[in-house]
Structure formats: C-alpha cells, structure tokens
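Let me put the model up and then we'll walk through a few bits of it.

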Amino acid sequence: YEKNRSHLLVAEKNIRISDEIQDYLHHRYLESSRGIHRLLDQKPEGLPDELFVDIKSVSRSILPPLVDRSQNLPAKLKEYIEGFQTRAEENGMEFEMDWSDNAAKNVKARIGDRFRNLFWLVTEAIDNAIKHSDARWVQIRLIEKENTISLTVTDNGEGLIRKAGSIQPENGKGLHAIRTIAQSLLANLEIAKGPRGYGTAIVLNWDLAQLERNAAEAIQQEA
C-alpha cells in the first residue's frame, strides 16, 4: 500500500508540474501568436502576394488555434482538424476523418485543461504525415469502445518503423514531442505500422476505468 501511495504522490506531483508548465507555455504562446496573427490579418506593404500566401500557409501548419478554458475545446479541436483537409489535398493526399463527438467530450471531462495539448499533438502527427512520410493518404480517427477511447492518426507513407528498422523508433524531435505530449494527456501511446505494413499509426489510448480510479485515489488522499 505504501509503495502504491508513494507512486501516486509522485504522479500527482508530476501532473501539477506539467500543468504549471503548460499554463506558462500557453500564456507565452498566446502573447507571441497574437502578434503573428495580427501580422497575417493584413499583408505588409511591399510584401509580394505569393510570399504572403506562403507565410500564411506555413503559419497554419505550425500554430494551433488560440484556445482557452472558456471555449468548447472538443468542438474547437474537431473544427481545427477538419482544416487539415485543405493542406492534405494541396499535397496530393486523401484526408479521412472518423470522429466521435461524445468520445471527445468524455476525454475532456476526464483530463480537463490538459485537453488543450491535443491541438499540439494532432498538429505534430498530421504535419509529420504531410511533410515527411511521402504518403498519399492520411486518416484521423477518434472512437470509444469498451471503456477505452482511442485517437489514431494513420498514413500509408514510408513510415517511422520502416525507416528506423525498429518497432520502437526513438529518433526525431517530432516523435519525442508526441511522446511528451501523450504523457501530459494521461494517455498510453503506441507507434505501429499502418495498413498492409506501410506507413505509421500513432495511437493514443485512454483507459477510462483507470482514469476514474486515479481520480478516486487522489480524492481519498486529500480527505
């Protein structure tokens, strides 16, 4: 019991630290992003039209939307992901989306403000598929089944596993970011091969029963 209690206390401390870091980074992000978005609202004088279009395109790929606690984050995330269809098609890719609104709401209800980190993870995962995989197809899927919610981003390109020659690829800043963000989201991360052994599937699983047990144990500790 004491060992489990010790592990729980360490986990709670790590979560508090993660939340504090997230709040700080989000605040700094809002400050810098407002300046960028103001710049993009109106083309600077003397900037060629083609270059301005390129800048706006790049900014969409690296800047998730400005979100805060007061917004409907599940709906905002869905809208944001739907916007990737244009970028995918511009790169000659098919884009598919299979999305459960109820599953998104259930994830938000259980992980709270950490849900904001999903914007960063989705950006990283889809950007990797569009920019680096040589894929012709990308799919994002959010489903709930048997007390588990799964978010999957799949492509049919070269694939991290094929390139790395390992089922646990470690290289790349993007992959490291995805692992870190997944941990902050209280999700289990799996990197797998895509359809027919090609491409990459980035899978986040939330065990709802485990999340509820963790919440109950935290309440008991505070009592």
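I'll start with the overall layout, then go to one helix and some salt bridges.

Quick housekeeping: this is a predicted model, so to speak of local features we need pLDDT of at least 70, and side-chain atom pairs count only at pLDDT 80 or more, while totals for chains, interfaces and linings use all residues. Numbering starts from 1 along each chain as its sequence is written, and side-chain values use heavy atoms, with hydrogens and water left out.

So, the protein has 9 helices and 5 strands; helices are DSSP runs of H or I, at least four residues, strands are E, at least two, numbered from the N terminus. Of its 223 residues, 38% are buried, where buried means under 20% relative accessible area, exposed over 50%, and partly exposed in between, with a 1.4 Å probe and protein chains only.

Now look at α5, residues 101–111. Ala103, Ala104, Val107 and Ile111 are its buried residues. Asn102 and Ala109 are exposed on the face turned away.

On to salt bridges: a side-chain nitrogen of Lys or Arg within 4 Å of a carboxyl oxygen of Asp or Glu. We get 4. One of them pairs Asp127 with Arg87, closest N and O atoms 2.6 Å apart. That one links helix α6 to helix α4, 40 residues apart, and both Asp127 and Arg87 are buried.
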